Amino acid sequence: MIAPSLLSADFARLADEVARVADADWLHVDVMDAHFVPNLTLGRPVVEAIQAVSPIPLDCHLMIEAPERWAPGYAEVGAGNVTVHAEACTGDPRDVASDIRAAGALAGLALKPGTPLERYEDVLRDFDTLLVMTVEPGFGGQAFMAEVLPKVRRARELVDTGHLRLLVEVDGGINADTIEQAAEAGADVFVAGSAVYGADDPARAIAALRAQATGAA
Ligand SMILES: O=C(CO)[C@@H](O)[C@H](O)COP(=O)(O)O
Ligand SMILES: [Fe+2]
């Protein structure tokens with residue numbers, strides 16, 4: 001599955017930018033609050049507007065503080081998957097997973113590159129998606145951190161052995177040079193911002209990335 005990130009799109013023409021990636025599987029929307037990460041993007045009202053014009057499910061990546069308070073609201077406006085950062089949760093992440101699901105979306109948990117998977121292997125039994133950050137969250141166009149791949153392999157192993165039932169998603173620096181190693185490590189969903197919106201033809205870029213991912217898996 002390919003999930004273009006709107007972070008690299010033209011924010012002055014969001015409806016048009018959404019239409020350019022209609023062939024994708026998910027549309028990745030990076031929500032940043034300038035507190036959890038040193039950047040500010042958009043919030044629930046804009047996600048609601050994007051949802052109204054998007055032909056594909058929204059994959060909301062919440063890089064915000066107090067996700068327990070805000071995450072269900074993104075499901076309520078129609079997001080298909082809502083991911084919170086484990087590092088931002090002040091209580092048991094399973095509680096926010098339950099609230100996101102109750103509001104109608106898949107529940108995702110994101111881990112920064114330096115956050116060990118082992119700490120959350122039990123918690124992840126209550127989630128539908130694991131977002132493995134392959135860059136430090138906050139900005140697009142960063143270099144892929146290959147040192148995170150063992151975390152992807154471990155997640156794949158936990159899913160393949162039945163310990164977890166979730167999609168393994170990678171996010172950050174995914175492009176033609178890196179997607180095959182991420183697929184070989186076991187990722188199911190590939191977020192790509194600059195590799196898609198930086199291309200002359202985003203639809204062709206999506207098709208090429210999908211072919212590489214499926215060929216390498
Ligand atoms: O969450 C983030 C950044 O914090 C990502 O979703 C980026 O938006 C991915 O951009 P590229 O690395 O693909 O350019
Ligand atoms: Fe993201």
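In which loop does A66 lie? A66 is found in the loop that runs between β3 and α3, where helices (H or I, at least four residues) and strands (E, at least two) are DSSP runs, numbered from the N terminus. The model is a predicted one, in which local features need pLDDT of at least 70 and side-chain atom pairs count only at pLDDT 80 or more, while totals for chains, interfaces and linings use all residues. Residues are numbered from 1 along each chain as its sequence is written, chains are lettered from A and ligands numbered from 1 in the order in which they are written, and side-chain values use heavy atoms, with hydrogens and water left out.

Most residues other than glycine have a negative phi. Against this background, A66 has a positive phi, near 50°, and its relative accessibility of 34% makes A66 partly exposed, given that buried means under 20% relative accessible area, exposed over 50%, and partly exposed in between (1.4 Å probe, protein chains only). A positive phi, near 65°, is also found in A34, a residue placed in the loop between β2 and α2 (44-53). The relative accessible area of A34 is 41%, and A34 is therefore partly exposed.

The iron ion (ligand 2) is coordinated by H28 through NE2, by D30 through OD, by H61 through ND1 and by D171 through OD, at 2.1 to 2.2 Å; donors are N, O and S atoms within 2.8 Å of the metal (3.2 Å for Na, K and Ca), and since water is not among the atoms, sites may look incomplete. The site has six donor atoms with angles of 74 to 179° among them, and its geometry is octahedral, a label given to six donors if opposite donors are over 155 degrees apart and all others between 65 and 115. Along the chain, the donors of the iron ion follow the spacing H-x1-D-x30-H-x109-D. Distant parts of the chain are linked in this way, with H28 in strand β2 and D171 in strand β7 (residues 167-171), 143 residues apart. Both H28 and D171 are buried.

Rolling a probe the size of a water molecule over the atoms shows where empty space is left. A pocket is here an open set of points on a 1 Å grid over the protein atoms alone, where a 1.4 Å probe fits and protein lies on both sides within 12 Å along at least five of seven lines, and lining residues have an atom within 4 Å of a point. The largest pocket holds about 280 Å³ of space, a volume being the space filled by probe spheres set on the points, which are joined across faces, edges and corners. Its lining consists of 28 residues, of which F139, G140, G141, G172 and G173 lie nearest the centre, and the elements that give two or more residues to this lining are β2 (27-32), β3 (58-63), β8 (189-192) and α7 (194-197). By class, the lining of the largest pocket has 13 nonpolar, 12 polar and three charged residues, where Ala, Val, Leu, Ile, Met, Phe, Trp, Tyr, Cys and Pro count as nonpolar, Asp, Glu, Lys and Arg as charged, and the others, Gly among them, as polar.

The second largest pocket holds about 150 Å³ of space, and among the residues that line it are V31, D33, R44, E65 and W70. Helix α3 (residues 67-76) gives four residues, the largest share of this lining, which divides into five nonpolar, two polar and four charged residues.

S5, in the loop between β1 (2-4) and α1 (14-19), has its C-alpha atom 5.6 Å from that of A192, although the two are 187 residues apart along the chain; S5 is buried, with a relative accessible area of 4%. W26 lies in the loop between α1 and β2 and is 165 residues from V191 in sequence but 8.8 Å from V191 in space, C-alpha to C-alpha. With a relative accessibility of 7%, W26 counts as buried.

The count of disulfides (pairs of cysteine sulfur atoms within 2.5 Å) comes to zero. C60 is in no disulfide, and its nearest cysteine sulfur, that of C89, is 16 Å away. C60 is buried at a relative accessible area of 0%, and C89 is likewise buried, at 13%.

Technical notes: Four donors count as tetrahedral if all angles lie between 85 and 135 degrees; four count as square planar and six as octahedral if opposite donors are over 155 degrees apart and all others between 65 and 115; anything else is irregular.
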